[in-house]
Amino acid sequence: MSVVSIPPSAGATPPRRTPAGRIAPGRAGRPGTPPRRRRSRIVAARLGGGLAVLVPIVLISSFITYSLGALSNSDPAATILGQDAATPAAVARLNRTLGLNHPLIVQYWNWLTQAVHGNLGRSYFTQIPVAQSIAQRLPVDLSIAVLAVILAAVIGGSAGTIAAIRRGGWFDRGVTVVCSAASTLPAFVVGIILVVLFAVTAHLLPANGYVGPSTSIAQWLAHIILPSLALSLAVSADIARQLRTSLVEVLEQNYIVGARVRGLPYRRILVRHALRNAAGPALTILGNDFPLMLAGAVAAEAVFSLPGLGQLLLQSAQTRDIPVVQGLLLVVSCFVIVVNLIVNTTLNWLYRSDDGIGT
Amino acid sequence: MKRLIGPQSVLRLPSARIAIVVLLGIAVLTAFGSTLAPQNPLTINANALFQGPGAHHLLGTDYLGRDVLSRLMAGTRLSVLTALEAVGIGLVLGTGPGIATVFLGRWFDFAANRVTDALMTLPYIFFAVAVTAALGNGLVQAMVPVGILLAPFFFRITRAATLEHARAQYVEAAELMGASKLHVVRVHVLRKVLPTIAVTTASMTAAALLAVSFLTFLGIGVQPPAPTWGGVLSSDLDYLAQAPWAPFIPGALIAVTVGALNALADAFRDRRGAGTLAAQPGPIIRTHSTLEPADDDRQSQVA
Amino acid sequence: MTIDNLKSPDLAAPHPATADRPATAGRPATAPSAASTTDLLRLDDLHISVHHGAATAVRGISLGIRPGEIVGLVGESGSGKTLTCRAALGVLPDGCIIDRGSITFAGRDLTTLSRRGWEDVHGSHMGAVFQDPASYLNPSITVGHQLAEVLRVKLGLSRRAARQRSVELFTAVGLHQPEHVFHQIPAELSGGMLQRVMIAIAISCDPELLVADEATTALDVTIQAEVIELLRRLRAERGLAVLFVSHDLAVVAELCDRVVVFYAGEVVESGPAAEIIERPRHPYTQALLRVASVGDFRRRELEVISGQPPQVGEDITGCRFAARCPAAADACRSGPIAPVTVDAQHEVRCVRAQEAWAAGELAAR
């Protein structure tokens, strides 16, 4: 789904590449601290710092989310009570029960503190707790999202690696062409193509529906493989392109020659020295593309008729069931935040440098 | 930062030429699509359901016997204009603060960056659907949040480009010679930053167009008989058994348009090294050399 | 594994006591005996072209290194000395091709060696250190792990044993606080420390040969002296042969047993270090000595060699130095110049080899 070819972090910070040999030998020796513990402490500090940065982000994005409800001119009490029962007195009473008589900021705070405790309110219409209906549908999206990430990493990772090793060969050129094409195809188009190919024409896989893994692992996989594939294709293309570029650059570095003259096996040099150092930008892409993958998940749900969060969102939007919409938006943006935190922590762990990675 | 090459040399690339022809065609459809359409996009013909491409219906007919070509041509305007609406919103909300933040000091920069981070965590499709839930079902409303979510991209790109140019020596020289800050921004910085903004606009238009198609595909923002690109695709999906080829036509139209915009943006980026922004979102591990002099000046400037 | 005299890995015992030994002045007492005639590494008529065969950069180099010998390659940048040692290491840059000639290492032909073969030779039998050591170490892995990795992969040591051995090796190359250094990444160490790390990695599997490509060039003079002393000690303790590449004749004169002088892709003079320093025959060597202010040519004012070396790939009939040579004659430009043996091990590629000493002497005065 990534037409947005400019990743968010690209312009986020000015090029802060610190110049060479910036840590003087004098600074290196900090004899008081045992070095091994220092490393984990650095990672922990980064993680803590990351969390500290996240708090305002969560506050701002959840406030935007919550304000949406207030922006709507709909009168929830009138909606709930229905045309006949909506006497002014009844509406006022219900508003008090719902807490809608307070100022916006107070309502927001109450909602947020409740949300932290796992209570996202109740649907205006069904009275089912929002958290419950989200929890019910989350496994669907989680299944296809996790599988899609794995597929994207495997497909994009191996295609990019082989293209970089065989630079200029037919495989490399093929990957370049396919990637350019694939990254312009939106997930809902890819999904439809896959349905036509595998379900309608070949009858190999089910075209729609969902079966939980507790019922049958094979059925579960059969139902989620096509949506995941549709979702992962564009991200795979992005990853393959990025990994190829950075791996080609890394393979030209002196430390690869250094590793060769130590007599390390080729495979080990490729994995431990080259891929490890080239993986950063591709990982960043994975993190950056994650919101787009969620959009793709909504598309996949629509194409494959999966009972996921996207369907819940569309239904609630149609009926203007504001608490459900707010809850969904909060959960989804928390997901994005968590994924970015994981990506950034991985990058820090991989590189352990002072350069501004994953700020 | 990326280097940009001039318009003349870009036109020499075949990919850029094809992209421009495609986009000109789309522009014509946007302006005169409904007039040029060979048939009425809303006319139902029960005798010609699910017809394949043929002489009478160049791209076939849909489940109500309506002419697909006419529906796509008539649907172009709404799709393209709402996409441009979103890009316009993103451009205004993003580039203004992006340029300003370099000159307004630390606190503004900090706040703007945190808001940007927060917006980045909202997936556009969820946000857009949520807004239609709050503000009412309409494509114009739905594209406002998409525009807001495009703003961070414009903001970051512009901020980085401005930062780079605002610290350039010629700007410093102009300031030393007594030029006012505003003048320097207008004359020197803006001119250098504009190409960057242009490239971003092209790729953001592609993103917005996809968003429009996707929203209309989900049925957000349009009342049923009105034709849109995504709407045509969505109705095809319900009748795959009868006409498995049908979704490929609107799908190809969307993909070709989006591809043309991306190709144009790519052509304007210097594709020579790994130096494009698209190719390099994060740091690649390079060796640091003890031979290079420690560049402390630049370090303190940027920090 | 056909290499003879394969040493047991345990031979390389650490010598912490000698780590801080002050540099002893003068030539090491244990110069290799001339009796050991079998060369460890032998290059014969080596031709290397660059830019995918577009230009020949190395034109018929022949040289040999005996076990435990330190041979210095000197010459200006672009003279082909680095390409030559890269070829010996099997890590020529992209586009560089060995056109002709052979490289033999302990009876093995290196020019036709497979990737597997190189993986066996590298590290276990041949180590390497380079200029700019920081760039040859993986910047995101601690230096200790990079050394331990080699020990575990090449010698099959356990994690714990490799760690312990790494610390011992770090001590052996004179790193202070080896336990601490173990956990540092390259960016946290100075150039001199990094070169010691590189040497520790290069000798970790106890190779017979160490190729040092401009290994001391980027270092401070005092650290340079320490590294040279370390190389000398390693030779004395482990019988390590060293191919030492440098453009600094003063350093080469101090360290090496034999010197090979490169000019524009050819060997112009080679022989025992003392002989070359005291009685250089080739006008180019004499000029280099004047520039370096070594030996009898020690002078006060700074000297430069006038003119420019020929372009890489440029074909010249006769002597490639003739254009810049103060003693050039018509005979120099008429045809190829064959190397002349002036002494037991002293070869000069000059038509006036027998008289050049005097000519150089004249030019110097």
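This is a predicted model: local features need pLDDT of at least 70, side-chain atom pairs count only at pLDDT 80 or more; totals for chains, interfaces and linings use all residues.
The contact draws 26 residues from chain A and 30 residues from chain C. On the side of chain A that touches chain C, at least two residues each come from helix H1 (25-28), helix H2 (35-71), helix H10 (254-261), helix H11 (266-304) and helix H13 (322-351). H10(A) gives the largest share of that side, 6 residues. Sorted by class, the side of chain A that touches chain C comprises 13 nonpolar, 8 polar and 5 charged residues.

Within chain C, helix H3 (residues 143-155) has 13 residues and reaches 18 Å from its first C-alpha to its last, close to the 18 Å expected at 1.5 Å a residue. Among the buried residues of H3(C) are Val143(C), Leu147(C), Val150(C) and Leu151(C), and also the charged-class residues Glu149(C) and Lys154(C). The helices against which the buried residues of H3(C) pack are H4 (159-172), H5 (178-182) and H6 (191-203) of chain C. Just after H3(C), a positive phi of about 70 degrees is found at Gly156(C).

Strand S9 (residues 258-263) of chain C is mostly covered, with 6 of its 6 residues buried. Arg258(C), Val260(C) and Phe262(C) lie on one side, and Val259(C), Val261(C) and Tyr263(C) on the other, so that both faces are covered under the criterion for burial. S9(C) pairs with strand S3 (residues 70-74) of chain C in the parallel sense over 4 bridges; there, Val259(C) is the bridge partner of Gly72(C). With strand S10 (residues 266-272) of chain C, S9(C) pairs in the antiparallel sense over 6 bridges, and Tyr263(C) stands opposite Glu266(C). S9(C) and S10(C) form a hairpin with 2 residues between them, and Ala264(C) in the turn has a positive phi of about 50 degrees.

How values were computed
Residues are numbered from 1 along each chain as its sequence is written. Chains are lettered from A and ligands numbered from 1 in the order in which they are written. Two residues are in contact if their C-beta atoms, placed from the backbone, lie within 7 Å. The expected span of a helix is 1.5 Å times one less than its number of residues. A residue is buried if 20 or more other C-beta atoms lie within 10 Å of its own, exposed if 12 or fewer, and partly exposed in between; C-beta atoms are placed from the backbone. Two strands pair if DSSP finds at least two bridges between them.
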